[in-house]
Amino acid sequence: MIHISSNFLISRLEKRPNPTAVSDLIGSHVTRIAAGACHTIAIIRGSPYPFGLNSSGQLGNGKIMTQSTPRKTDDLDHVTAVFAGYHQTFFIRSAGSIEQNEIVGPSCPVKLPSKIDREIFEKALRSGEKLDLMTLVESVFSSLSSINNSFLFQDERRFNVGIDRSHGIDLDQVMETFMLFDELASKKQFSDLIADSLSIAYASWNSKVSCVEGLRLFFILPWLPVFTENVTLDTIFKVHTPFIEALYSVSESMQKTLGNWWSKLSTRHFRRQVIVYKRAVETILRAGKGPSKARQFLLTLQRLFLINQLEYYNMVTKQQPFKDESDYWTHYPFLLNGAAKGEVLFVEAGLIQAMHAQSAMIASGGLIEGVTMQHCDLTVRRDFIVSDTMHKLAGFSEIDVRKPLKVTIVGEEADDAGGVRKEFFLIVMRKILQPEYGMFTENEESRLVWFSGMPAEFCEREQFRQLGRLVGLAVYNNVIVPFPFPLALYKYLLDIEPTLEDLCELSPTEGRGLQSLLDYEEDDVEDVFSLTFSITFSIFGEIKTVELVPGGDEKPVTKENREEYVKLYVSHRMELGYNNEIANQAREFRKGFSDALHSRVLKFFQPRELKEQISGTENYDWNEFRDVSVLRWPRKRNS
């Protein structure tokens with residue numbers, strides 16, 4: 001069936017916006033077609049079948065009367081091609097006879113925009129013809145249509161494009177292709193060429209973009225090296241600024257499409273977007289310009305930040321119940337470094353705190369003016385700071401300890417804007433780790449502390465739970481605390497068993513002794529080390545012996561069973577203790593920690609990452625510290 005996209009309507013002269021079926025030609029084999037302003041010519045078996053307006057004789061039948069239906073023109077035959085002007089028609093005829101199947105293909109091939117993909121780029125790269133490669137790059141990046149036509153999926157995904165669907169771009173191919181620029185000896189020359197070509201492309205930008213395919217360039221271009229490498233103010237002016245201005249010029253519905261597509265990006269492509277806008281902001285600020293010059297880049301970063309938060313917010317609050325955790329990028333923690341996991345943790349803390357505040361407002365009927373956030377109020381006396389803290393923490397519910405912490409020290413009027421809270425944690429932690437409280441013992445060699453394993457009648461287990469709450473509160477409120485524990489503690493919080501390496505960190509001499517046992521290569525282990533399957537603990541200066549296995553006092557350590565001995569020794573020394581007292585103390589600590597930090601994010605962390613969240617890091621970047629430091633000499637006093 002033939003459809004005519006002409007302004008002429010067969011039955012009456014009026015405009016129609018959509019193509020109209022020409023029922024008279026149903027079943028005919030139309031081999032050529034051309035349309036003018038208000039007339040159409042179809043070629044069947046070499047003969048023209050014109051219809052439409054004929055005021056200038058454009059139908060080619062020797063008349064000037066309008067013809068509403070297609071009729072064969074007998075005076076013309078052997079037509080091989082037809083072209084229509086506004087009120088004109090041109091025929092090309094053959095001298096010989098015309099068979100139906102002799103005329104195939106279009107009379108004027110449709111020209112498609114240039115495009116680039118990895119295969120095309122690699123082919124040009126392999127050819128060794130630098131001029132051909134430069135011509136390809138220039139032709140593609142000087143045309144918005146060509147850019148939007150590049151790097152598309154080769155299957156149906158390139159067509160399944162829409163505001164709530166895909167953009168149709170194979171972004172991995174974009175990334176891999178643009179990384180090939182690194183192999184070019186004249187990389188800078190190509191970067192300059194791309195920058196100049198983009199200036200031409202930007203000049204043709206129309207903010208009234210009507211189809212979502214026109215937004216593809218905002219996902220393709222950021223992978224170009226020119227957006228992130230050797231960026232100067234001139235680069236910002238030529239490349240980044242027109243890009244961001246085009247992005248912000250599109251309609252509200254197109255902005256919504258951009259947001260939806262951003263939210264569906266994989267981590268590496270989302271991160272690339274962030275890097276591009278951050279690099280622009282950094283360049284502008286380093287040049288001494290104010291934030292107003294970077295406003296649109298900052299707004300875009302803000303949008304990306306909110307999208308990043310919303311992703312996790314949807315998981316925490318179950319705003320999309322038809323999804324499970326595997327539908328969110330936070331389900332794949334191996335993609336995140338420690339800092340990113342910390343950010344997710346603090347986002348979750350803020351969300352939960354905000355939800356508690358909202359619940360409190362609803363519970364009050366919304367009648368309390370100005371209620372925005374409830375606090376976990378902790379009032380203590382400086383001279384009794386440990387006992388007051390433990391007593392108050394015991395009275396807090398699990399909901400209380402998930403509110404923002406506000407500390408008040410009796411008799412001191414300082415408002416807790418963060419400073420009082422930090423001082424509070426510093427004092428409490430230093431005091432509670434002292435030997436007089438009996439909760440922990442310090443190794444004289446490593447200066448690290450561990451659970452004391454003291455009997456419950458001398459050291460209440462409830463104290464450990466409250467301390468766990470306190471540490472969880474510190475993390476929840478983004479406060480670094482002085483907590484001199486070995487990595488084994490953070491392993492325990494993450495359900496990871498300690499190893500000999502952990503004992504070496506806590507008690508180096510003890511650990512080295514066990515390591516030498518494992519490293520000993522001779523067969524006379526029993527004679528040299530004279531060990532049995534037992535371990536000793538010092539309780540109030542009294543040595544207590546515990547068998548690692550039944551009858552362990554009589555079971556010698558040999559070359560064959562030494563690995564079993566070391567594993568049991570480490571377990572009893574660090575996990576169990578005398579009469580399982582270390583296990584009981586550690587269990588209460590973890591219970592309290594979970595009260596305050598009952599977070600699904602916790603399982604994302606590696607032990608060392610969790611340690612850095614609680615007690616900070618000592619791995620400082622001194623080069624960065626030097627770069628941002630300013631040396632000021634004191635002013636001389638006037639004599």
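User: Leaving aside its neighbours within four places in sequence, which residues is Phe-485 in contact with?

Analyst: Happy to start there, and keep in mind that this model is predicted. Sequence neighbours within four places are set aside, which leaves contacts from elsewhere in the chain. The partners are Leu-433, Phe-440, Leu-448, Val-449, Trp-450, Phe-451, Tyr-490 and Lys-611.

User: Which residues have the most contacts inside the largest nonpolar core?

Analyst: Nonpolar side chains tend to be buried together in soluble globular proteins. Here the largest nonpolar core has 76 residues. Those with the most contacts inside it are Phe-451, Leu-467, Phe-483 and Phe-485.

User: Which helix gives the most to this core, and between which domains does the core lie?

Analyst: Helix α14, residues 461–476, gives the most, with eight residues. Residues of this core come from both domain 3 (359–482) and domain 4 (493–622). The core therefore lies between domain 3 and domain 4.

User: At what angle do the axes of α14 and α20 cross?

Analyst: Helix α20 covers residues 581–596, and its axis comes within 6 Å of the axis of α14. Residues that meet include Phe-464 and Leu-467 in α14, and Phe-589 and Phe-593 in α20. The crossing is right-handed. Its angle is roughly 40 degrees.

User: Why is one side of β3 and of β5 left without a neighbour in the sheet?

Analyst: The open sheet has three strands in the order β3-β4-β5, with antiparallel pairing. β3 (30–35) and β5 (47–52) stand at the edges. One side of each is left without a neighbour because each has a single partner strand.

User: Which residue in β4 stands opposite Ile-33?

Analyst: Strand β4 spans residues 39–44 and runs antiparallel to β3, with five bridges joining them. Opposite Ile-33 stands Ala-42.

User: How many residues does the hairpin use to join β6 to β7?

Analyst: Strands β6 (residues 79–84) and β7 (residues 89–93) pair in the antiparallel sense over five bridges. Val-79 has Arg-93 in β7 as its bridge partner. The hairpin joins β6 to β7 through four residues.

User: Where is Ser-530, and is it buried or exposed?

Analyst: Ser-530 is in the loop between α18 (525–529) and β12 (534–539). It also has a positive phi, about 50 degrees, although it is not a glycine. With 58% relative accessibility, Ser-530 counts as exposed.

User: Is Thr-235 buried or exposed?

Analyst: Thr-235 is found in helix α7, residues 233–249. Beyond its neighbours within four places in sequence, Thr-235 is in contact with Val-226, Asn-230 and His-240. Buried means under 20% relative accessible area. At 12%, Thr-235 is therefore buried.

Note on methods:
Residues numbered from 1 in each chain as written. Predicted model: local features only at pLDDT ≥ 70, side-chain atom pairs only at ≥ 80, totals over all residues. Heavy atoms only, no water. Core = buried A, V, L, I, M, F, W, Y, C linked by side-chain atoms within 4.5 Å. Buried < 20%, exposed > 50% of the residue type's maximum accessible area, 1.4 Å probe, protein only. Helix = DSSP H or I, 4+ residues; strand = E, 2+ residues; numbered from the N terminus. Domains from an automatic or database assignment. Contact = heavy atoms within 4.5 Å. Pairing = 2+ DSSP bridges. Axes fitted to C-alpha atoms, helices over the stretch in contact; angles between N-to-C directions. Left-handed = near helix turned anticlockwise from the far one by under 90°.
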